[in-house]
Amino acid sequence: MSTHSEDSLDARLRQRRATKNALETEPAANAPRGNIPNTPLASSTIAFLLGATFAFGLYTVFLDISYSARIFTYQLGFFIAAWAFFHWAEFAVTAGWNFEKCSVDCAFSTPILNPKSLSFGQWRDVPHRQWNCSIRIRRISILHTRKQIMALCITDRFGRLFIWQDSKSLVSSPLGMIMVICGQILRSAAMIHASTNFSHSVAFQKRDTHRLVTDGVYGWFRHPSYAGFYYWAIGTQLVLQNPLTLVMFAILLWRFFYYRTRAEENALVKFFGEEYVNYRRRVGTKIPFVP
């Protein structure tokens, strides 16, 4: 009886693996890293956890506004809600407008160069200058891990509550909220408008369907998804009123996007030639000190 049940279970599992599920994603580019199973169950679980985290942060915002909060202020609640919504939006927008690159990793993707997306032959074809920029990008991105920075932000915030009890700013937090919301809208709008031309990792090989997007939000920002993330991240630190991490964010993000755009634009000039050179001359990044 036990052997028959195991054989039946194995048969059902093989059938399930052989059957194509409309909810499963098999990205044509940016293959999943494999840290999280790329399955509908994993995606739905992450969406549920992010939704719960967002609801907790939003609840904390209203709780503090009603003057009943003691530990979790509205600044910390807004930060938690913004963090959860950002990661959910990365997956949702990719699934809705760029399905061919969608995987569970999109929920926690960072704007870094993914060496696993290129074969040895493709790496060999990358110019030496782009290779150096790519190495620098990876070094900076290691420093710029969200887990470490989030922990630092929250630790600093609790320190302000229990150690030196700072007063709430009447300017920086509302200004930061506006920057977070505008940055999120800008980044998501850029991903939607670029559609299949958008990628979370730098592409050094031009695809047949790849075209240069210069209209819409790209007519105002040369790299609107980067600009959106930059102002979103700076805004979170204004909300939390963290002067130390605000300066750290500004420096790390500037260095990251400076080298990132250099590597990416070298590839874009190779792809589109004079068309991209003219576009780069006409439209700026709108990121401070990133030409």
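## Helix α8 and residue S225

S225 lies in helix α8, where helices (H or I, at least four residues) and strands (E, at least two) are DSSP runs numbered from the N terminus. At 5% relative accessibility S225 counts as buried, the term buried meaning under 20% relative accessible area, exposed over 50% and partly exposed in between, with a 1.4 Å probe and protein chains only. Leaving aside neighbours within four places in sequence, S225 is in contact with R187, A190 and F198, contact meaning heavy atoms within 4.5 Å.

The model is predicted, and local features need pLDDT of at least 70, side-chain atom pairs count only at pLDDT 80 or more, and totals for chains, interfaces and linings use all residues. Residues are numbered from 1 along each chain as its sequence is written, and side-chain values use heavy atoms, with hydrogens and water left out.

## Packing of α8 against α9

Helices α8 and α9 pack at an angle of about 170°, with their axes 9 Å apart; axes are lines fitted to C-alpha atoms, for helices over the stretch in contact, and angles run from 0 to 180 degrees between N-to-C directions. The two helices α8 and α9 are therefore roughly antiparallel to each other, on a scale where angles under 35 degrees count as roughly parallel, over 145 as roughly antiparallel, 65 to 115 as roughly perpendicular and the rest as oblique.

On the α8 side the contact includes Y226, F229, Y230 and A233, while on the α9 side the residues include L253, F257, R260, T261 and E264. The residues of this contact divide into 11 nonpolar, 4 polar and 2 charged, where Ala, Val, Leu, Ile, Met, Phe, Trp, Tyr, Cys and Pro count as nonpolar, Asp, Glu, Lys and Arg as charged, and the others, Gly among them, as polar.

T261 is found in helix α9 and, at 4% relative accessibility, counts as buried. Not counting residues up to four places away in sequence, T261 touches H223, Y226 and V290; T261 and V290 are 29 residues apart in sequence and 8.3 Å apart in space, C-alpha to C-alpha.

## Nonpolar cores

A nonpolar core is a set of buried Ala, Val, Leu, Ile, Met, Phe, Trp, Tyr and Cys residues joined through side-chain atoms within 4.5 Å. The largest such core has 42 residues, of which F78, Y218, W232, L253, F257 and I287 touch the most other members. At least two residues of this core come from each of α3 (74–97), α7 (172–194), α8 (224–240), α9 (243–272) and α10 (274–282), and α8 gives the most, with 9 residues.

F78 touches G57, V61, M177, V180, I181 and V239, not counting residues up to four places away in sequence. A second, separate core of 7 residues includes I46, L50, W83 and V104.

## Loop residues with positive phi

Most residues other than glycine have a negative phi. Q241, in the loop between α8 and α9, has a positive phi of about 60° although it is not a glycine, and Q241 is buried, with a relative accessible area of 10%. S195, placed in the loop between α7 and α8, has a positive phi near 55° and counts as partly exposed at 24% relative accessibility.

## Annotated transmembrane regions

An unreviewed UniProt entry places the feature "transmembrane region" at residues 41–59, 71–89 and 229–254; such annotations may be inferred rather than shown by experiment. In the model, residues 41–59 are 100% helix and 0% strand, with end C-alpha atoms 27 Å apart. Residues 229–254 are 92% helix and 0% strand, and the end C-alpha atoms of this span lie 12 Å apart.
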